Amino acid sequence: MANNQQPNIDYDKIAEMESFKQLSKRKNTFLWSLTAIFLIAYLLLPVLTSYTQILHQKAIGEITWVWIYSAGLFIMTWGLAHLYVSKANSYDKEAKSIIDEYERGVN
């Protein structure tokens, strides 16, 4: 049988590293910004359709702006998901380099 022991990692020490703190701050800023954009765009649809007539105006033929806005929300969701995945991949690379930095400092 192979010995599958995990290395001893001091997570508190990693959490104290400046590079980890910077990564965590950038990641949190990105995630909260993305969340705010997403929520504002989605919550605007019921507000604009219920309390104003802005989206009830005809845009193209008989199609009103509410349909265009709604379709835009689907496009936005896919776009934000794509943006999130690409940013998450870059954060994973940075996290790997932080672990490598930690391992170099421990050894």
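## Contacts along the chain

Of the contacts (heavy atoms within 4.5 Å) between residues at least 6 apart in sequence, 64% join residues at least 24 apart. This is a predicted model, where local features need pLDDT of at least 70, side-chain atom pairs count only at pLDDT 80 or more, and totals for chains, interfaces and linings use all residues. Residues are numbered from 1 along each chain as its sequence is written, and side-chain values use heavy atoms, leaving out hydrogens and water.

## Fold and dimensions

Let's walk through the fold. The chain has three helices and two strands, in the order α-α-β-β-α; these are DSSP runs, with helices (H or I) of at least four residues and strands (E) of at least two, numbered from the N terminus.

The C-alpha trace spans about 70 × 35 × 20 Å along its principal axes. Buried residues (under 20% relative accessible area, with exposed over 50% and partly exposed in between, 1.4 Å probe, protein chains only) account for 18% of the 107 residues.

## Two aromatic pairs

The whole structure holds two aromatic pairs, meaning Phe, Tyr or Trp rings (six-membered ring for Trp) with centres within 6.5 Å; planes under 30 degrees apart are stacked, over 60 edge-to-face, and the rest tilted. Phe30 and Tyr91 are edge-to-face because their planes stand at 65 degrees, with centres 6.1 Å apart. This pair links helix 2 (residues 18–51) to helix 3 (residues 65–106), across 61 residues, and both Phe30 and Tyr91 are buried.

Phe38 and Tyr42 make a tilted pair, at 4.6 Å centre to centre and 40 degrees between planes. Both sit in helix 2, four residues or about one turn apart. Phe38 is partly exposed at 33% relative accessibility, as is Tyr42 at 30%.
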